[in-house]
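Subject: Structure for your review

Dear colleague,

Please find the structure below, followed by an account of what was found in it.

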Amino acid sequence: MSINKDLSIRYLGIDCENPFFLSSSPVGGNYEMVAKAYEAGWGGVFYKTVGVFVADECSPRFDQTSKEGLPWLGFKNMEQISDKPTEQNFENMMKLKRDYPDKVMAATIMGSSDEEWRALAKMCEQAGADLIEGNFSCPQMTSHAMGADVGTNPELVTAYSRAVTETTKIPFVAKMTPNITNMEIPAVAAIKGGAAGVSAINTVKSITNIDFENMAGMPVVDGKSSISGYSGAAVKPIALRFAAQLLQHEELKDVEISGIGGIETWRDAAEFLVLGCRNVQVTTAVMQYGYRIVEDMKSGMMHFMDERGYSKLEDFIGLALPNMIPAEGLNRDFQILPDFNVKKCIGCGRCYVSCYDGAHQAIDWDEKKRKPKLNDNCVGCHLCLNVCPVQGCITPGEVKWKEGRQKTGIKIKRNYD
Amino acid sequence: MSKVTKAKYTSEASFGFMHRTAMEEAARCLLCYDAPCSKGCPAGTDPAKFIRSIRFRNPKGAAETIRENNILGGTCARVCPTGDLCEEACSRCGIDRPIEIGKLQRYAVEQEKTFKMKILKAPAKKKAGKVACVGAGPASLACAAELAKTGYRVTVFEKEKKAGGMLTYGIAPGRLPQAVVDHDAAQVKSLGVKFEFGKKVGDDIDLTEMDFDAVFIGAGLWGGNLPDIPGNSLAGVYTAVDFLKNARTMKEAFKFGNKVVVVGGGDVAVDCAVTAKLLGADDVRIVYRRTLEEAPGNMSEFQYALSLGIGTTTNMAPAELLGESKLEYAVFNGRDGKSGMKISADAIVFATGQKAEDLSKIMPMALNEKGWIKADAAGKTSIEKVFAGGDAVNGGGTVVEAVRAGKDAAASIIAYLEKRGVKQDVN
C-alpha cells in the first residue's frame with residue numbers, strides 16, 4: 001500500500017487503529033475467525049453475541065434479495081446469538097485479547113434478566129474485553145425476553161444497561177433496533193442506564209421473498225418461515241437516517257455512535273463518519289466477500305483523505321450532520337434545469353420515457369435524430385439525470401428562479417459518478 | 001504458445017446463458033424508447049420486447065414474442081449475423097458494447113423447450129385452399145407456418161430425409177446443433193403442416209398434376225460451383241454443398257484426408273474449414289481470392305476459425321489442381337499477377353457460391369440467366385399461383401432473409417387465395 005494515512009481513532013476511550021469493526025454476527029463467532037479478521041486488517045471485532053441462553057438454530061437460515069441479476073442487494077438472517085457454550089466464548093475472547101493486544105475486543109452480550117446481564121458483564125471483565133455491547137435488538141430470538149422486544153421497551157433498556165454499568169467500568173454500548181419509530185427513546189434510555197455509546201442499526205424485520213414451491217417465506221424451514229432481520233446494501237439509507245437522528249438529538253449529541261447497516265466500501269463507511277459516527281461495523285459484506293474487503297476500505301479511505309487534505313478522521317467526522325435539516329427548512333426559491341449533452345447522448349430515450357410517465361412531460365423526443373429536447377414544463381426534478389445511463393450526459397444546468405423570489409448564491413452538486 | 005481451442009464436431013461453438021447470466025445481460029439493456037434493435041431484424045423480431053420480458057422475469061413471455069414472430073427463432077438465435085443487424089443498432093454501442101441479443105434470444109427459445117410450451121396454434125376451423133411448399137428449408141418452413149397459422153392446409157415436399165434444408169445439411173453443427181433445427185421444424189409440424197420426405201418435386205412428384213391451389217418454391221440452391229480449372233474432376237475435389245452434407249450425414253465416417261484447403265470467403269467457407277478441422281484434419285486453411293475486407297463472411301466466424309487453428313490466406317485464386325487420379329497439389333495465382341503458391345493437399349473444398357439445379361423441373365415459371373427463379377419482393381413468379389423465395393430467388397442469403405421471404409410470400413399467397421375466393425369446404 002503506497003498510500004499511508006492515519007486512520008486511528010479514539011472510540012469510547014479506547015485507541016483503535018482504524019474505525020472498521022466486525023459487528024456481532026456469524027462473521028466473528030470463534031477464535032479462528034476473529035484472529036483471521038484481525039490479521040486481515042480489521043481494527044476491532046464485536047464478538048458474536050454471547051448469552052446464558054445458547055441458541056438452537058434452524059436450517060437453512062439465510063436468504064438474499066436481488067434486482068436485475070444483481071444478488072445480495074439485501075440479506076436475511078435467521079441465526080440467533082452464539083450457539084457455543086458461554087464459557088468457551090469468553091475463553092476465546094480472552095485468548096484473542098492475549099494474542100492480539102493492539103486490536104479491540106468488544107464483547108456483545110444479551111441477557112434475559114437483570115441477573116443474567118450482571119453475570120455476563122462480570123465474565124466480559126474477566127475475559128479482558130475492551131468494550132461491552134448490549135444486544136437490545138436481535139429481531140429473531142426465540143425468546144421475547146431478549147433482543148428487539150427488549151430494545152423497544154425503554155424501561156428494560158435502562159434497567160439492563162444499569163445492570164451492566166453497575167457491574168463493570170468497561171464502556172458499555174447499547175445496540176439499537178430499527179424496528180421502532182423513534183430510536184431516540186431507547187437510546188436516551190440506555191444513556192440514562194449508564195451506557196457510554198450507542199450502535200445502530202441492528203437488522204430490519206423482514207420477509208425477503210415468498211417461495212411459491214412451498215407457499216412460504218424464504219428461507220423455507222420444513223415448509224415454514226419466520227420474520228427475521230434484513231441487512232446489507234438495501235438498509236444503508238435507513239441506517240444513515242437513524243444515525244443522523246440520534247446524533248442530532250439534544251440528549252444524544254455528545255454520545256459516541258457506532259454506525260452499522262449496509263457498509264461494503266470505504267465510501268459507505270465515510271458516509272457514516274461524516275454524519276458523526278466514530279466507529280463503523282460490518283457483517284453482510286463480509287459474509288458475501290470475506291474479511292479481505294477491509295483492505296480496500298482502508299486504502300480507499302486513505303485516498304479519500306489524501307484527495308481532500310485530511311490528516312486524521314477527526315478532520316471530517318460530523319461535517320455533513322448540520323446539513324441534514326427538516327424539509328421545511330430547504331430553499332425552495334429555484335429550479336435547476338437539466339443540461340443535455342447532445343454529443344454524449346446515445347439516443348436511448350430513457351429520459352423521455354421516465355419524464356413522460358413519471359414526471360412532468362418536459363422532454364420532447366426527436367424521432368428522427370433520436371434526441372431529447374427540454375420544453376417549458378421542466379420543474380428541475382432531475383428524474384432524467386437519474387435514469388440516464390451515460391455518465392456526464394445529463395447534468396445540472398441553468399438555475400431558474402421562481403417568480404418574485406430573491407436571487408442568492410446557491411450551492412449546487414455538479415459532479416455525479 | 002498460442003492456445004488453440006480443441007472441440008468436437010458436434011460440440012457447441014459458444015456457451016448459452018443460464019437464468020442468472022441472462023438476467024445480468026438483460027440488466028445491461030437500456031430498455032430504449034422506440035428501440036433501434038427492434039428495427040434491425042429482417043424477420044421483424046422485436047428484441048426490445050423479449051429482453052424486457054426477460055428483465056421483468058417473464059421468460060415464457062419472451063419465448064412467445066420470438067416464436068409468434070419467427071418460426072425459426074431458435075435457429076436464427078444461433079446463426080443470425082446479429083453484429084450486422086439488431087446488435088449493430090443497439091444503443092448500448094454508444095457506451096461500450098451491444099447487448100448479446102442473439103444469445104438472449106437463444107436463452108428465451110430454450111425456455112420454450114424447458115417449460116414444454118406450445119406457443120403456436122392453428123385455427124380449428126380450416127380455410128379452403130391447399131398449398132404445397134417445395135423444400136423444407138427456412139423459406140418454406142416460414143411460409144408453411146404462416147399459412148398454417150392462418151388456417152390453410154399445407155404440404156411440404158422435401159427431397160431429403162429431414163427438415164431444415166441447408167440448416168440440416170449445410171451448416172456446421174457446432175454453430176447450429178441439429179436439435180435446434182429439429183425443435184424449430186417440430187413447431188411447424190405441430191401446426192398441422194404435412195411433410196413428405198424423400199420426395200423431390202420434378203423427379204418423384206409432378207405438382208402440375210396435383211390439385212394445390214397455390215405453390216411456394218423454397219427449393220434453395222443445391223448445385224455446387226466448381227471452377228473451370230484443370231484437375232477439377234480429381235478425387236478429393238469437393239463442392240461445399242457436398243462436403244458439408246457428407247459431414248452432416250456421415251459424421252466421423254466421412255474420410256477426406258489430413259490436409260484440407262477451403263476456397264472461399266463466406267460463412268460457408270468457414271463452416272467447411274471448421275468442419276474439416278473438427279472431423280480430424282490437422283492442416284486446414286482457407287484461401288480467398290480477395291482481401292478479408294472484401295469477404296462476405298462474418299468476421300466473428302473467421303475469428304472462430306482462427307481460434308481453432310485455421311488460418312486464412314488472401315488474394316490467392318485457384319489456378320490448377322494436380323494429381324494422378326486423386327488430388328495431390330493445388331496451385332494458386334496471386335491477385336497481383338506476381339505471387340503464387342503450390343500447396344500439397346488431400347482435399348480441396350470450393351465454397352465459392354452455390355448454383356441452382358434445374359428449377360424449371362419444379363414448375364415452368366420464368367428463371368433468370370443464372371437459373372434462379374424470377375420473383376418480386378412479394379414472392380410472385382411468372383405463374384399466377386406459384387410463389388417463391390429464399391436462396392432459389394436471391395442467389396443465396398442469410399437464414400433470416402429466407403424467413404422474411406417465406407413470410408412475405410405467405411402473405412401474398414393468402415391475399416391471392418382470398419381474392420380468388422376458393423370455395424369454403426367443410427373440414
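Does B:Lys245 count as buried, partly exposed or exposed, and what is its relative accessibility? B:Lys245 counts as partly exposed because its relative accessibility is 24%, where buried means under 20% relative accessible area, exposed means over 50% and partly exposed lies in between (1.4 Å probe, protein chains only).

As to conventions, this is a predicted model, in which local features need pLDDT of at least 70 and side-chain atom pairs count only at pLDDT 80 or more, while totals for chains, interfaces and linings use all residues. Residues are numbered from 1 along each chain as its sequence is written, chains are lettered from A and ligands numbered from 1 in the order in which they are written, and side-chain values use heavy atoms, leaving out hydrogens and water.

Salt bridges

Over all chains, a search of the whole structure finds 49 salt bridges, each being a side-chain nitrogen of Lys or Arg within 4 Å of a carboxyl oxygen of Asp or Glu. B:Lys245 forms one with B:Glu160, with the closest N and O atoms 2.6 Å apart. This pair links distant parts of the chain, 85 residues apart: B:Glu160 is in the loop between strand E2 (153–158) and helix H8 (166–169) of chain B, and B:Lys245 is in helix H10 of chain B. Helices (H or I, at least four residues) and strands (E, at least two) are DSSP runs, numbered from the N terminus. B:Glu160 counts as buried, at 12% relative accessibility.

In chain A, A:Arg267 and A:Glu271 form a salt bridge, their closest N and O atoms being 3.0 Å apart. Both residues lie in helix H8 (residues 266–275) of chain A, 4 residues apart, about one turn of the helix. A:Lys236, A:Arg267, A:Asp268 and A:Glu271 are linked in a network of salt bridges.

The sheet in chain B

Chain B contains an open sheet of 5 strands, ordered E6-E13-E7-E8-E9 with parallel pairing; two strands pair if DSSP finds at least two bridges between them. Its edge strands, E6 (237–239) and E9 (311–313) of chain B, each pair on one side only. Strand E8 (residues 283–287) of chain B pairs with E9(B) in the parallel sense over 3 bridges, and B:Ile286 stands opposite B:Thr312 in E9(B).

Yours sincerely
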